[in-house]
Amino acid sequence: MPDSAQHDAQTIHVLLEEGRAFKPSAAFTAQANAADKDIYERAEKDPEGFWASFAEELDWHKKWDKVLEWESPDAKWFVGGKINACYNCVDRHVQNGKRNKAALIWEGEPGEKRTLTYWDVYREVNKFANALKGLGIKKGDRVAIYLPMVPELIISVLACARIGAVHSVVFAGFSPEALAERINDAEAKLLITADGGFRRGMIIPLKHDADFALINTPSIESVVIVKRGDFPLRVKEGRDHWYHRLMQEADNYCEPEWMDSEDMLYILYTSGTTGKPKGIVHTTGGYLVGTYATSKLVFDLKPEDVFWCTADVGWVTGHSYLVYGPMANGATQVIYEGAPDWPDRDRFWQIVENNGVTVFYTAPTAIRAFMRWGEDEPDRHDLSTLRLLGSVGEPINPEAWMWYHKHIGGEKCPIVDTWWQTETGAIMITPLPGLTTTKPGSATRPFPGIKAEIRTDSGEVVEQGGGYLALTRPWPSMLRGIYGDPERFRDTYWTKWKDGAYFTGDGAKRDADGYFWVLGRVDDVINIAGHRLSTMEVESAFVDHPDVVETAVVGVADEIKGQAIAAFVTLREGVEMDDRLEERLKEHVVRKIGAIARPRQILFSAELPKTRSGKIMRRLLRDIASGRVPGDTSTLADPTVVEKLKRRYEED
Ligand code: WTA
């Protein structure tokens, strides 16, 4: 078990004895989209029929012939169906009386506000789809998107979906090198970026950064630049085009490309246990059904709701619960560009109050930051419009859950703690807010139709107790592959057990009521502020520096971010240690990956604990970095190394 898992297991133990539980109010249940307990049983009896009932609520150009074809690890959902994701998120609402409904209410960090109705989105998306076509983008081509949280980010994603181009959104906080790596892996033909974006009052010069990436991305033929501000940049004639100029010339209507249900919708890169990020592939029909159904039942979306998911579209949460799920439901959403503490620590509550937000979805790391900033911040605002709260990204510690319940939810809003992954595409384990009695810290039980188990290494099912979390039945929004690497796809997710069940990489526990408590990763993935980074990726960034010969990176508990990076570094012989070396190395890692990867601490050491076969024992390093007594050292080549390191660490 990883450190966070051990820590949480203790918390959970205490909590279970305490037995706090929250039943939904009768009033909430009475109005809920999922109000009938039979839903679980119905879905269990006929999962394919259950999912098909949601597919029926979408608009298909041609109905599917068969719901599912499945042979682990290959799934095909809604086989033979033709559908367009953009059409379902935009056109059908324009046709069904939601033409003038607000789709996106956007606030820029400096304070501007723009509201786009479904009609506005329709116009913009059609035009931009035509602009992309004009630049030679066809069905199946990959388009990289590197934008701040502006409406054009959502428009770009939907425009790609409209013409059948595969989008690959790269979080704007990633470095140029990380961007280049993702562009090259997908062999993207076009990049959409912006002159810049705002973060805590600073300007992030995105195009300027992207220019560094573009030196090494031979597949890119054109670049589209969204004008966010008035930020200086270089425009390369012939290759670079301003978004607003293209839009002036573009036609108003673009026929959607009718995609096969199994045609690729997007690639999204996520960290795995090895250095190279994995391009997770999602296809069209099933993904849309999964995100549509979960948005409807978990967030209980109603036409009058104002939904705010605080995630960036650079992560899967933004893909599924900002773009596709809510928009397929015709929701009204708030989008915010910047930081929660800019200009003040009550910015989020100001936004909730100003826009009458009703359903709010954020991450535990944010909740812990709010806790630290104190309840005065939310207390100064009228949050009475809120009726439902959500959490995602990492285990939520019970104290944070209780604070969220009390100070944001006013003790009246159900909380949905939703467990899922980039790979699962949609929420897998979650309360249904009108039905489930929640326990702080537990994601409760699988969504109807989903089958989850706790398993031992050898595949035995653990009814009560801890083990590995497995998903043992296919689901519509499941990943269809790792882009260009079928072998890695198979090895990472599908070969842990003989029966070909999906291995999540998470450890979890199941209690006497059958509730799931997800504890954290069991592999070398670190979860920083709800964002996945692999230790290997960070290590590669370190050893890329000329002064470093070897390094081992581990995740350590962090009060706000959940986990932080601690690095053990061996320097090249003869390198002069000076005060600034640590800072230089940290900067180097940030340059390679992005600011989220900034190590919290670096310990320099001439030796690292290794087994006789030369494998670094990260487990011992984790113990040292967490201030624990190091565990079993008997397999070490040189047991004295650990003692030395421990002493050094304590002095540091
Ligand atoms: C963790 C984010 C506990 C988990 C949607 C998972 C969670 C990884 C929860 C996926 C939760 C996400 N409770 N842990 N409610 N939600 N996780 O791909 O370790 O960025 O495997 O997807 O985050 O991260 P990813």
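The model is predicted, so some rules apply: local features need pLDDT of at least 70, side-chain atom pairs count only at pLDDT 80 or more, and totals for chains, interfaces and linings use all residues. Residues are numbered from 1 along each chain as its sequence is written, and side-chain values use heavy atoms, with hydrogens and water left out.

Let's start with the overall layout. Domain 1 covers 26–449 and domain 2 covers 545–651; such bounds come from an automatic or database domain assignment. Their C-alpha centres lie 36 Å apart. Where do they touch? On each side, 11 residues are in contact with the other domain, where contact means heavy atoms within 4.5 Å.

The size of an interface is often given as the accessible area lost when the parts come together. Here the buried area is about 810 Å², and carbon and sulfur atoms give 52% of it. (Buried area is the accessible area, found with a 1.4 Å probe, that two parts lose on being put together, summed over both.) On the domain 1 side, S175, E177 and R368 lose the most area to domain 2, together accounting for 45% of what that side buries.

Which residue forms a salt bridge with E177? The partner is K592, and the closest N and O atoms are 2.5 Å apart. A salt bridge is a side-chain nitrogen of Lys or Arg within 4 Å of a carboxyl oxygen of Asp or Glu, and the count between the two domains is 1.

Two helices, α8 (176–186) and α14 (364–373), each supply at least two residues of the domain 1 side. Of these, α14 gives the most to that side, with 4 residues. Helices (H or I, at least four residues) and strands (E, at least two) are DSSP runs, numbered from the N terminus.

**An open sheet**

Next, look for an open sheet of 8 strands, with mixed pairing and the order β12-β11-β8-β6-β7-β14-β15-β23. Two strands pair if DSSP finds at least two bridges between them. At the edges are β12 (240–242) and β23 (481–482), each pairing on one side only. Within the sheet, β14 (residues 264–270) and β15 (residues 278–283) run antiparallel to each other over 6 bridges. Y269 stands opposite G279 in β15.

**Backbone details in loops**

Two cis peptide bonds can be found in the model, as the table shows.

| Cis peptide bond | Omega | Loop holding the proline |
|---|---|---|
| S72 to P73 | near 5° | P73: between β1 (66–71) and β2 (74–79) |
| W342 to P343 | near -5° | P343: between β17 (332–336) and α13 (347–355) |

Another residue to look up is D300, in the loop between α11 (285–298) and β16 (306–309). Phi of D300 is near 55°, a positive value in a residue other than glycine.
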